[in-house]
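These are my notebook entries on one structure. I looked up the sheet, the core and the contact between the chains, in that order.

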Amino acid sequence: MDIQLTQILFQIINFSVVLGVLTFLLYKPVIKIFDERAVRIEEGQKAAELAIKIKDELDREKKKAENEHKTERAKILNDAQEEAKKRAQEIISTARKETKEEQSKLLDSWKEEKIQLIKEAKSEMTDAIIAISAKVIGKTLDIKTQQKLIDEEINLIIKNI
Amino acid sequence: MINTLKVTATSAIELTPKQAEIIVNAVEKKNTHGTKIELSQVVDPSVIAGIKITIGSEQIDATVITKLEKLQTQLRENI
């Protein structure tokens, strides 16, 4: 087989043309697409990093707000409990005072009532004693004693007339 | 016209004439106006014993019931 120099030359030229065309029409656009994709990826990564950073910041803010909220809530709750304790103490104190006063009043009233009842009982007893005495004296005195009493009283009366 | 002084003697039993006489005499001695004494007797068992003499508007009460009533008043006051 003979090696034809022209043919080799022709093949070299042909290959060079194909290579040039391919480089211009395929390689460069593909490289450009890859570069653009790389830029997009990089931008995406940057955006993602920024988003993560913002998210972290927001999380920190949220946590801080939650802590502040929690502290404030605890303070409000504590204040409310203190106030409630104070109010309860006041109410109990007032109630005790009022109960004591009421007890004292009732005791005084009861004592007065007791004294009054004793007085009434004594008065009734006195009335009964007098009534019984009157009946007993009336039944015990005979005519002779009656006359004697009348004589004695007349003697006393005429001295005073 | 002779004036009359009414004297009332109240007792649980009737007075004896002597007792009535003593009362009349005592009132007459006291009475210097020469008025006539008119004694009326009232028997009231509720006085129990003793005597109550009323001379005009004046009253001398020496009945047992009055004494008991006074005692009752004193006892009530001391309760």
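Strands here are DSSP runs of E of at least two residues, helices are runs of H or I of at least four, and both are numbered from the N terminus. Two strands pair if DSSP finds at least two bridges between them.

**Basis.** I am working from a predicted model, in which local features need pLDDT of at least 70 and side-chain atom pairs count only at pLDDT 80 or more, while totals for chains, interfaces and linings use all residues. Residues are numbered from 1 along each chain as its sequence is written, and chains are lettered from A and ligands numbered from 1 in the order in which they are written.

I then went through the pairs. Strand β1 (residues 4-11) of chain B runs parallel to β2(B) over 8 bridges. In β2(B), B:I37 stands opposite B:L5, and B:L39 stands opposite B:V7. On to β3 (residues 50-55) of chain B: β1(B) is joined to this strand by 5 bridges, and the two run antiparallel. Here B:A9 has B:I53 as its bridge partner.

I checked how well β2 (residues 36-43) of chain B is covered, and counted 0 buried residues among its 8. I call a residue buried if 20 or more other C-beta atoms lie within 10 Å of its own, exposed if 12 or fewer, and partly exposed in between, with C-beta atoms placed from the backbone.

**Chain B as a whole.** I listed 2 helices and 4 strands, which run β-α-β-β-β-α from the N terminus on. Of the 79 residues in chain B, 25% are buried.

**Core.** Which residues have the most contacts inside the largest nonpolar core? They are B:A9, B:I23, B:I48, B:I51 and B:I53, in a core of 19 residues. Such a core is a set of buried Ala, Val, Leu, Ile, Met, Phe, Trp, Tyr and Cys residues joined through C-beta atoms within 7 Å. Two or more residues each come from α2 of chain A and from β1, α1, β3 and α2 (64-78) of chain B. The largest share, 4 residues, is that of α2(A).

I followed two of these residues. Leaving out residues up to four places away in sequence, B:I23 touches A:I154, B:V7, B:A9, B:L39 and B:I53. Contact means that the C-beta atoms, placed from the backbone, lie within 7 Å. B:I48 is in the loop between β2 and β3 of chain B and is buried, with 24 other C-beta atoms within 10 Å. I also noted its positive phi of about 70°, although B:I48 is not a glycine. Most residues other than glycine have a negative phi.

**Chain A and the contact.** Chain A has 2 helices and 0 strands, and 4% of its 161 residues are buried. The contact takes 24 residues from chain A and 26 residues from chain B. On the side of chain A, α1 (5-140) and α2 (143-160) each give two or more residues, and α2(A) has the largest share with 12 residues. I sorted this side into 12 nonpolar, 7 polar and 5 charged residues. Ala, Val, Leu, Ile, Met, Phe, Trp, Tyr, Cys and Pro count as nonpolar, Asp, Glu, Lys and Arg as charged, and the others, Gly among them, as polar.

How do the axes of α2(A) and α1(B) cross? They come within 10 Å and cross at roughly 5°. From α2(A), I listed A:I150, A:D151, A:I154 and A:I158, which meet B:Q19, B:I22, B:I23 and B:A26 in α1(B). The residues of this helix contact divide into 6 nonpolar, 1 polar and 1 charged.

Key. Contact = placed C-beta atoms within 7 Å. Axes fitted to C-alpha atoms, helices over the stretch in contact; angles between N-to-C directions.
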